[in-house]
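Here is a short briefing on one structure.

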Amino acid sequence: MNRSDYELQERRPYAGCIRAIAVAWGLGVGLTALAYWSGLDSLSPQVLAAIAVASGFIALLSITPGFLIEHQRLDQQNPATLPIGFSAALLIRLGSTVALMAFGGYQMRSMQEVIAGWVIAWYVYLTTVEIVTLATSLTRQERRRQSRHQPAGTSVR
């Protein structure tokens, strides 16, 4: 990867977040299958798979507003739109997760607590990956921006 590719990647934290969520989701699916086969089989594999797929879809859907904002032409980008993308992601993720939990509980009333536990576990896991990835990328991006604008002889903390 040459320098210009790296700089473009640094300006696109949501693109990196999509990759991180995809990797984390794949790992989570593997761990869910492992948990099921090791005896944690309170739900059918179809229900677990549906929760995992829906959670991954919700995570990717929630990143979409920020991803679309960051892919505007560079001369049209406004730094104030970053919180809008983040807020939209939060609302999409929260609303969709509540809808998933309500739908799962409605379909299988006897398993509401177990379904809620799995949905919340996926929510916390994928949201944590999203937040850590974005925070790390944006912090790195800000440090690079500050280091370019620092007078010679001073350091960036």
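A salt bridge here is a side-chain nitrogen of Lys or Arg within 4 Å of a carboxyl oxygen of Asp or Glu. The model is predicted: local features need pLDDT of at least 70, side-chain atom pairs count only at pLDDT 80 or more, and totals for chains, interfaces and linings use all residues. Residues are numbered from 1 along each chain as its sequence is written, and side-chain values use heavy atoms, with hydrogens and water left out.

**Salt bridge**
- The rule gives a count of 1 salt bridge.
- R93 pairs with E130 in a salt bridge, with the closest N and O atoms 2.4 Å apart.
- R93 sits in helix 4 (residues 81-107) and E130 in helix 5 (residues 112-149), so the pair ties together parts 37 residues apart in sequence.
- Helices are DSSP runs of H or I with at least four residues, numbered from the N terminus.
- Both R93 and E130 are buried. Buried means under 20% relative accessible area, exposed over 50%, and partly exposed in between (1.4 Å probe, protein chains only).

**Helix 3**
- Helix 3 (residues 45-70) has 26 residues and should span 38 Å at 1.5 Å a residue. The expected span is 1.5 Å times one less than the number of residues.
- The end C-alpha atoms of helix 3 are 37 Å apart, which agrees.
- Helix 3 has a kink of about 35° at T64, shortly before the proline P65. The bend is the angle between axes fitted to the seven residues ending at a residue and the seven starting there.

- The whole structure holds 1 aromatic pair.
- The ring centres of W122 and Y125 are 6.1 Å apart and the planes lie at 65°, so the pair is edge-to-face. Rings of Phe, Tyr and Trp (its six-membered ring) pair with centres within 6.5 Å; planes under 30 degrees apart are stacked, over 60 edge-to-face, the rest tilted.
- W122 and Y125 are 3 residues apart in helix 5, about one turn.
- W122 is buried at 3% relative accessibility, whereas Y125 is partly exposed at 30%.
- W118 also lies in helix 5 and is buried at 17%.

- L31 belongs to helix 2 (residues 13-37).
- L31 is exposed, with a relative accessible area of 52%.

Key. Helix = DSSP H or I, 4+ residues; strand = E, 2+ residues; numbered from the N terminus.
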